[in-house]
Amino acid sequence: MAESRKARGLASLQQAFDEVRFGAMRTLNLRQSLPTGAEAARRVEAWLRQHQAQQSGELLVITGRGNNSESGIAVVREATIRVFHDLRRRGVVQEFAEHTPGSFVVTLAPMQAMLEAQRRSDARRDATVPEVPAPPTLSALDETTREQLRILAERSLDALGVRDRGPFVESEMLRLFGELAAEAGTASDREMRLRAAIARRLAEVE
């Protein structure tokens, strides 16, 4: 009984220190809502991307130990760790470490790291997969197409929580063009197909 009270006391003390260090805004508590693994992964990725744009620094992600999970497998914890590894590769997470048996401290990378990781990924894909070549700039596109692409890029950055989106708009336009060009194909009506693909994306984010 004494050991149980002592453990609860230590846990309360740790929670108090965490509240001072991170606060509610920089803490994601997945243990309270009991999500599935897939739901946890989506929430963690969206939350980390938002805080990267806000330059929040260190964050606390509480997954729980998974003691009550079926078959004793910590589903939320494992899904969260996979997201950490994926986002580190993609330039969103700089590093992460176990804080307690049921939580992690995550340090976010600067926005520039994410953009550089995206460019490296695009370069590797372009080197191995034959795709519709993207122009070095977007000047080859019709003015209407460029404007639609700009609007889509701005909404994409808004969704990530980027406040000062100006420095990132052109990079986001190029990234989106790289994704959508494959849908447009190489036929003579390529640009019309590209505008249709942009329109579909805009409808999805509205």
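Guide: Start with Arg21, which is partly exposed at 37% relative accessibility (buried is under 20% relative accessible area, exposed over 50%, partly exposed in between; 1.4 Å probe, protein chains only). The model is predicted, so local features need pLDDT of at least 70 and side-chain atom pairs pLDDT 80 or more, while totals for chains, interfaces and linings use all residues. Residues are numbered from 1 along each chain as its sequence is written, and side-chain values use heavy atoms, without hydrogens and water.

Visitor: With which residue does Arg21 form a salt bridge?

Guide: Side chains of opposite charge can pair when their charged atoms come close. Here the partner is Glu58, with the closest N and O atoms 2.9 Å apart; the criterion is a side-chain nitrogen of Lys or Arg within 4 Å of a carboxyl oxygen of Asp or Glu. Arg21 belongs to helix H1 (residues 2-21) and Glu58 to strand E2 (residues 58-62), so the pair ties together parts 37 residues apart in sequence. Helices (H or I, at least four residues) and strands (E, at least two) are DSSP runs numbered from the N terminus. Glu58 is partly exposed, at 32%.

Visitor: Is Arg77, which pairs with Glu98, buried or exposed?

Guide: Arg77 is buried, with a relative accessible area of 16%, whereas Glu98 is partly exposed at 47%. Their salt bridge has an N to O distance of 2.7 Å. It joins helix H4 to strand E3, parts 21 residues apart in sequence.

Visitor: How many salt bridges does the structure hold?

Guide: Seven. A network of them links Glu45, Arg49, Asp86, Arg89 and Arg90.
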